[in-house]
Amino acid sequence: MDYTKKLLEVRDLHKAYSKEGVPTKALNGITFDVLSGEYLGIMGASGSGKTTLLNCIATVIKPTSGQILLSGANISAFDGAKLAEYRGNRIGYLFQDFALLDNLTGRENILLPLSIHNSSIAEKHLNDIAGFLGITDVLSKFPAQMSGGQKQRVAAARSLISDPDIILADEPTGALDTKAARLLMEKLREVNQSQERTILMVTHDPNAASFCSRILFIQDGVIFH
Ligand code: ADP
Ligand code: MG
């Protein structure tokens with residue numbers, strides 16, 4: 001594994017929101033790299049800017065200033081097909097609240113990114129991922145029929161299905177009980193170690209962060225070491 005390669009570069013990132021006319025500075029000059037193949041954790045208290053940071057990287061929101069580079073390419077310059085390719089194939093996003101669609105089965109939820117971005121899917125790929133994550137028996141169930149842990153592992157399968165360059169995870173254990181959280185963290189560590197997939201996880205949970213290969217700390221929108 002080439003740990004020296006910078007996969008993601010975040011440079012002097014600022015984000016200010018305007019809340020009822022009052023500006024809130026959520027990010028105040030964030031700079032860090034995610035190296036290819038690593039499992040980087042960013043720890044910080046509630047309100048420190050973690051979700052804002054991931055949303056900027058995922059192009060859900062636009063930073064006020066600063067740069068984000070993936071493999072050297074400035075993602076703010078992406079538009080049209082390139083932006084769709086970035087969102088659909090280069091990143092996988094895992095949310096605290098699963099963000100599954102209630103009226104779709106586990107299988108349909110997992111295939112969702114592909115039905116939009118890349119319709120030719122090997123069924124084997126889905127079955128391999130489901131087997132690895134231990135969710136084969138819930139593939140034909142709806143989210144309401146799944147436990148929290150199963151829902152989050154279905155969401156994890158969805159984030160993996162397009163073979164993204166990097167998984168972005170926002171407090172993925174936040175809604176899980178201790179046992180389900182531990183199982184998910186063990187699976188994500190395996191995704192990183194055996195499948196050599198790069199992961200960036202933000203969390204306020206020291207237990208979850210202990211699974212990472214490197215940890216940075218964020219406070220008031222700044223990284224400190
Ligand atoms: P974390 O994920 O670490 O809890 P957030 O990134 O959600 O932190 O929030 C960082 C700061 O930005 C907080 O002060 C929060 O209130 C503010 N904030 C987040 N989203 C918005 C928004 N859409 N509008 C205004 N302020 C926001
Ligand atoms: Mg958050």
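This tour moves from the nonpolar cores of a predicted model to its salt bridges. Local features require pLDDT of at least 70 and side-chain atom pairs pLDDT 80 or more, whereas totals for chains, interfaces and linings use all residues. Residues are numbered from 1 along each chain as its sequence is written, and side-chain values use heavy atoms, with hydrogens and water left out.

Select Tyr39, Ile110, Leu133, Ile135 and Met185: of the 36 residues in the largest nonpolar core, these touch the most other members. Such a core is a set of buried Ala, Val, Leu, Ile, Met, Phe, Trp, Tyr and Cys residues joined through side-chain atoms within 4.5 Å; buried means under 20% relative accessible area, exposed over 50%, and partly exposed in between (1.4 Å probe, protein chains only). Next, display α6 (178–193), which supplies the largest share of this core, six residues. Helices (H or I, at least four residues) and strands (E, at least two) are DSSP runs numbered from the N terminus.

A second, separate core of 30 residues includes Ile57, Ala58, Ile68 and Leu70.

Turn now to the charged pairs. The whole structure holds 10 salt bridges, each a side-chain nitrogen of Lys or Arg within 4 Å of a carboxyl oxygen of Asp or Glu. In helix α4, select Lys124 and Asp128, which lie four residues apart, about one turn of the helix; their closest N and O atoms are 2.8 Å apart. Lys124 is exposed at 58% relative accessibility, and Asp128 is partly exposed at 42%. Finally, select Lys6, Glu9, Arg11 and Asp33, joined into one network by salt bridges that share partners.

Definitions and conventions:
Chains lettered and ligands numbered in written order.
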